[in-house]
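The entries follow the order in which I went through them.

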Amino acid sequence: MTQTPPPAAETSPLARTLREQQGANSDLVLIVDDVPDNLAVLHDALDESGYTVLIATNGEQALQRAAQARPDIVLLDAMMPGIDGFEVARRLKADAATSHIPIVFMTGLTETEHLVAALEAGGVDYVTKPIKPKEVLARMNVHLQGARRARQDARQAGQARNALDAFGYASITVRLPEGRLIWQTALARDLLQRYCDTRAPETPPAVLEWLRSHTPDARQRGIEPPALSIVQGASSLTLRLHQQTSSDDDGDEWMIVMREVSDTGVIEAMSLSLKLTAREAEVLYWVVKGKTNKDIGEILGSSPATAKKHLERVYVKLGVETRTAAAGVAIKRIRELQPQFEI
């Protein structure tokens, strides 16, 4: 299963601390071998080359350290007592948090079936013993290029996501067909909890139904689906399908951008920009929404006649004579002030 860049490049607190000690751009390497001499030779060679190095002497330690530190690459001895390297690799690849990490096997077994077993267990490459540090460094560098790109992409994506949140736009990524929410910004988490009372990895049912019904057109014909609005009192949450971020044999991942729009905020903006009283702005707002005087009276807790009187004063202030003309002025101003607002 393909992992999206944010989870794949996620850096653990331990990894950040280790890199800070050695250098922010230093690659983190986990060496797993039960022979101390092998560890010493590789550790010294990698350390001298500027890598940040972690070591493990058995399979159990390897799994723990990989989960805690999320290394950029693992150099893994194939034959160890207890949990051998093949099983370590299978477990790392089965865990979404570590499945992206490239594994280079170190083995003294050169028979074809053992090398095939190493690759089938999840290895991307292998080196044979006795270990030659220069060969190991050359092989590692090839596979670390992807890890470096992932870290850079994650930093850039993080900056973009923070910028979206800062301007009130939240985003999530949902994987289909299972409908699992696999990533979200902090603002998105708050909005979904407030509007839908859900938490990741659960995707709100209404969002999932909307996504499933529109992704075929988006995928096959590139048609952007209509926005989804979730209304809560005087506010609403508007969701738009942004893009497909990945696709594999098991499914697709889709990024959704959302924004909260408040009726109250729009009414206040109309009041200030059009020089209306708060109640006049409220009446005009509901006219824009297509409500009759009777509807407006019920919404505002007054009579239709009172709504009509407020609207007549609005006509005078806006220099118009009809309901349609007043609505037109208001719509133009709303679009200028809040272009994302759904009218």
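Entry 1: I began with Arg-313, which at 40% relative accessibility counts as partly exposed; the model I am reading is a predicted one. The side chain of Arg-313 meets that of Glu-280 in a salt bridge, with 3.4 Å from N to O. This pair links distant parts of the chain, since Arg-313 sits in helix α13 (residues 304-318) and Glu-280 in helix α11, 33 residues apart. Is Glu-280 buried or exposed? I noted a relative accessible area of 2% for Glu-280, and because buried means under 20%, Glu-280 counts as buried.

**Entry 2: a pair inside α11.** I then looked up Arg-279, which forms a salt bridge with Glu-282, the closest N and O atoms being 3.0 Å apart. Both residues lie in helix α11 (residues 278-288), three residues apart, or about one turn of the helix. Arg-279 is partly exposed at 32% relative accessible area, and Glu-282 is partly exposed at 22%.

**Entry 3: a pair inside α5.** Next I turned to Arg-90, whose salt bridge with Glu-87 has its closest N and O atoms 3.3 Å apart. Helix α5 (residues 85-94) holds both of them, with a spacing of three residues, about one turn of the helix. Arg-90 counts as partly exposed at 43% relative accessibility, and Glu-87 likewise counts as partly exposed, at 27%.

**Entry 4: the wider count.** How many salt bridges does the structure hold? I wrote down twelve. I also recorded a network of salt bridges that links Arg-175, Glu-178, Arg-180 and Glu-253.

**Entry 5: the sheet.** I went on to the strands, where five of them form an open sheet in the order β2-β1-β3-β4-β5, with parallel pairing. Why is one side of β2 and of β5 left without a neighbour in the sheet? β2 (52-56) and β5 (125-128) stand at the edges and each has a single partner strand, so one side of each has no neighbour there. From one strand to the next, the twist averages 20°. Strand β1 (residues 28-32) pairs with β2 in the parallel sense over five bridges, and the bridge partner of Leu-28 in β2 is Thr-52.

**Entry 6: helices on the sheet.** Helix α3 (residues 36-48) packs on the sheet and touches β1, β2, β3 (73-77) and β4 (103-107), its direction making about 165° with that of β2. Helix α5 also packs on the sheet, where it touches β3 and β4, and its direction makes about 175° with that of β4.

Key. Residues are numbered from 1 along each chain as its sequence is written. This is a predicted model: local features need pLDDT of at least 70, side-chain atom pairs count only at pLDDT 80 or more; totals for chains, interfaces and linings use all residues. Side-chain values use heavy atoms; hydrogens and water are left out. A salt bridge is a side-chain nitrogen of Lys or Arg within 4 Å of a carboxyl oxygen of Asp or Glu. Helices (H or I, at least four residues) and strands (E, at least two) are DSSP runs, numbered from the N terminus. Buried means under 20% relative accessible area, exposed over 50%, partly exposed in between (1.4 Å probe, protein chains only). Two strands pair if DSSP finds at least two bridges between them. Axes are lines fitted to C-alpha atoms, for helices over the stretch in contact, and angles run from 0 to 180 degrees between N-to-C directions. Contact means heavy atoms within 4.5 Å.
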